[in-house]
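This report describes one protein structure in plain terms.

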Amino acid sequence: MNYDAKQLKTALENGCPVFYFYSTEEYLVQAHAQKVLKVLANEDPDMTRLEGPTPAVEEILLAAGTISFFSTRRVVVLPLLQPTAYGEKDLELLCDALRSTENAVFVITTVFADEKGKLAKRAKKLIDLCKTIGFAAELARPTANELVKEMQRRAKEQGTELPPEAARDLLERSGQDQFLLGNEVDKLAALSGYTAITREMVAQAGTCSLDADVFDMVNLIQAGRPAPALKKLNELLQLQNDPIAIAGALAGSYIDMYRTRCGLAQQKAYPTVFKDFGYKGKDWRLRRASESAGRYRLSQLASCLELIQDLDEKLKSSPVDEVVLIQTAVCRLAEMRER
């Protein structure tokens, strides 16, 4: 089921034996697990934390069955557990432990690599059991509007105003990683003297995600400005960004342009492309890609993607220096733009 705050509150009040949070976002499962642990800590329990992804079932049984001299409740925390990493036998033993322990509370979190992860047989088995005997909730990735509200709430806690426009600028600049956004709000709140965060502060001091930085670099290439584009690339390399990760973000930008250019050829605007290819969140990036794609022929963009694919293969296999490879690729992309 999806997360429901009222149901969680009821589960806590009724002494629920299992709390299971799963998502594709680590921040979400950690934050909700901490909320539960904070409430349980009021009972002064014996607490054992067994790190994932596959803590030994024997250790789990021992932690859940340890006798407390003060008759306090035992809390067993299983962070970032991966049910699909267990064998069938061990997973069944884990499920038996969850069913049978009488004086223990389990707080379990799982981060799946993608939305399909929760559909795996062993994952479904654990989810279904936790729903039956306790509380289990899927934590969906927040929308852009929800992230804006969360950033504003965090700023308000520090006595700082964060206007919606500045929050959206920060979201566009730094990406949707909630750990990063929280840290950025804290940093900008301090910069403002805990008064108000402005759009100018976000532009001057907000941290760019790698995708956003590479997006800026691609825009410079498309604008026929290869020298600033190379400067941007060198800044990314000096900041110890992995050339393979830079190439991946580069591929993402050109794939966006190729898709929207195909859409233009079929007289389909970028919103249709956004829907057909299952994009999530705001469509500003695809809108910008659509504007840039109009400067290219479809064959040019296909050649750019072939070049980036070749770059990726060489970065992973060639003895040539990675910096030289990616600098050369950016120069060739700029040359293709001029053609």
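Leu80 sits in the loop between β3 (74-78) and α4 (88-100). Helices (H or I, at least four residues) and strands (E, at least two) are DSSP runs, numbered from the N terminus. The phi angle of Leu80 is near 55°, a positive value in a residue other than glycine. Leu80 is partly exposed, with a relative accessible area of 32%. Here buried means under 20% relative accessible area, exposed over 50%, and partly exposed in between, with a 1.4 Å probe and protein chains only.

The model is predicted: local features need pLDDT of at least 70, side-chain atom pairs count only at pLDDT 80 or more, and totals for chains, interfaces and linings use all residues. Residues are numbered from 1 along each chain as its sequence is written, and side-chain values use heavy atoms, with hydrogens and water left out.

A second residue with positive phi is Gln267, at about 60° although it is not a glycine. Gln267 belongs to the loop between α12 and α13 (270-276). Is Gln267 buried or exposed? Gln267 is exposed, as its relative accessible area is 77%.

Thr110 is part of strand β4 (residues 104-111). Because its relative accessible area is 0%, Thr110 counts as buried. Which residues does Thr110 contact, leaving aside its neighbours within four places in sequence? They are Tyr20, Phe21, Tyr22, Ser23, Val29, Leu81, Gln82 and Pro83, where contact means heavy atoms within 4.5 Å. The C-alpha atoms of Thr110 and Pro53 are separated by 8.5 Å, and these two residues are 57 residues apart along the chain.

Ser253 is found in helix α12 (residues 243-265). With a relative accessible area of 4%, Ser253 is buried. Not counting residues up to four places away in sequence, Ser253 touches Phe215, Val218 and Arg285.

Helix α2 (residues 26-41) consists of 16 residues. From its first C-alpha to its last, α2 reaches 22 Å, close to the 22 Å expected at 1.5 Å a residue; the expected span is 1.5 Å times one less than the number of residues. Buried in α2 are Tyr27, Leu28, Val29, His32, Ala33, Val36, Leu37 and Leu40. An α-helix has 3.6 residues a turn, so residues three or four places apart point the same way.

The second largest pocket holds about 490 Å³ of space. It is lined by 18 residues, and the closest to its centre are Leu28, His32, Lys35, Glu150 and Gln178. Both α2 and α6 (144-157) supply at least two residues each to the lining of this pocket. By class, the lining has 8 nonpolar, 3 polar and 7 charged residues. Ala, Val, Leu, Ile, Met, Phe, Trp, Tyr, Cys and Pro count as nonpolar, Asp, Glu, Lys and Arg as charged, and the others, Gly among them, as polar.

Pockets and cavities are found on a 1 Å grid over the protein atoms alone: a cavity is a set of points where a 1.4 Å probe fits but cannot get out, a pocket is an open set with protein on both sides within 12 Å along at least five of seven lines, and lining residues have an atom within 4 Å of a point. Grid points are joined across faces, edges and corners, and a volume is the space filled by probe spheres set on the points.

**Cavities**

How many cavities of 30 Å³ or more does the structure hold? There are 2.

| Cavity | Volume | Lining by class |
|---|---|---|
| Largest | about 80 Å³ | 5 nonpolar, 2 polar and 2 charged residues |

The largest cavity is lined by Tyr27, Leu147, Glu150, Met151, Arg154, Gln178, Leu181, Gly182 and Val185. Two or more residues of this lining come from each of α6 and α8 (178-191). Around the second largest cavity the lining residues include Tyr22, Ser23, Phe112 and Lys118.

**The whole protein**

The protein has 16 helices and 5 strands. Its C-alpha trace spans about 75 × 50 × 40 Å along the principal axes. Of its 339 residues, 42% count as buried. Among contacts between residues at least 6 apart in sequence, 73% join residues at least 24 apart.
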